[in-house]
Amino acid sequence: MEKNTGTSAQPHILWLQVCSLAGVQGAITLSWLIYALYLPRLLAGFGFPASLAVWVLIVENALAVVMEPLFGALSDKAKHRIGRSFPFISVGVILSSAFFIAIPTLTVFFPPSDVTRIILLSVTIAWAMAMTVFRSPAIALLGRYAREVRKTEQFVVKPSNSVN
């Protein structure tokens, strides 16, 4: 084996940023859980069959499968052009928060009618789409915040069976 000036990994983690991202991911998970549990009751209260909730969730997840990689790629392009992906994260968080608040607001302040039923379905799907705007860029930040710092020493084994 020979001593080389290669690299060996030593973790360097920005804990504040990693914990902040964990908090964001926890909030996302909690909001999806509340939403998925409440959606059948919400739709039934507006005259929809409770089974429609399953179809709404399927459509939302199908949209997420397409949109999350798309917004991740757009965020990466923006990061190379303007130096950061924060616009996607901030716009996505603001939109998803507004739509998430609008869902119960519709049910409390507006009586069920044909118009509010369409608006309710539109807002639930818009909320899911707004969530896809920031999820991929936010998770991609983990790579930046929990990266490895390289040391300068590493042992290398040569293929000639000799140890140097």
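Threonine 132 touches Ala64, Met67, Glu68 and Phe71 when residues up to four places away in sequence are not counted. This threonine is found in helix α4, and the model in which these contacts occur is a predicted one. With a relative accessibility of 1%, threonine 132 counts as buried, because buried means under 20% relative accessible area. A polar atom of the side chain of threonine 132 lies 2.5 Å from the backbone oxygen of methionine 129.

Valine 66 is found in helix α2, which covers residues 52–82. From C-alpha to C-alpha, valine 66 and threonine 132 are 9.3 Å apart in space, while 66 residues separate them in sequence. Valine 66 counts as exposed, at 56% relative accessibility, whereas threonine 132 counts as buried.

The side chain of threonine 124 has a polar atom 2.7 Å from the backbone oxygen of leucine 121. Leaving aside neighbours within four places in sequence, the residues in contact with threonine 124 are Tyr35, Leu39, Val56, Glu60 and Ile103.

The next residue considered, isoleucine 125, also belongs to helix α4. Isoleucine 125 has a relative accessible area of 24% and is therefore partly exposed; the class lies between the limits of 20% for buried and 50% for exposed. Once neighbours within four places in sequence are left aside, isoleucine 125 is in contact with Val59, Glu60 and Leu63. The C-alpha atoms of isoleucine 125 and leucine 57 are separated by 8.8 Å, although the two residues are 68 residues apart along the chain.

The protein contains 4 helices and 4 strands, arranged along the sequence in the pattern β-β-α-α-α-α-β-β. Of its 164 residues, 27% are buried. Among contacts between residues at least 6 apart in sequence, 83% join residues at least 24 apart.

An unreviewed UniProt entry lists residues 12–38, 50–74, 86–106 and 118–142 under "transmembrane region". In the model, the chain over residues 50–74 is 92% helix and 0% strand, with its end C-alpha atoms 36 Å apart. Over residues 118–142, the chain is 100% helix and 0% strand, and the end C-alpha atoms are 38 Å apart.

The second largest pocket was also characterised. Its volume is about 180 Å³. Helices α1 (15–45), α3 (86–109) and α4 (114–145) each supply at least two residues of the lining of this pocket. The lining consists of Val24, Ala27, Ile28, Ser31, Val93, Ser96, Ser97, Phe100, Trp127, Met131 and Phe134. By residue class, the lining of the second largest pocket divides into 8 nonpolar and 3 polar residues, with no charged residues.

Methods: Residues numbered from 1 in each chain as written. Predicted model: local features only at pLDDT ≥ 70, side-chain atom pairs only at ≥ 80, totals over all residues. Heavy atoms only, no water. UniProt positions renumbered as here; feature names shortened; annotations may be inferred. 1 Å grid on protein atoms, 1.4 Å probe; cavity = no way out; pocket = protein on both sides within 12 Å on 5 of 7 lines; lining within 4 Å. Points joined across faces, edges and corners; volume = space filled by probe spheres on them. Nonpolar A, V, L, I, M, F, W, Y, C, P; charged D, E, K, R; others polar. Polar contact = N/O pair within 3.5 Å; in protein donor to acceptor, adjacent residues only side chain to side chain. Contact = heavy atoms within 4.5 Å. Buried < 20%, exposed > 50% of the residue type's maximum accessible area, 1.4 Å probe, protein only.
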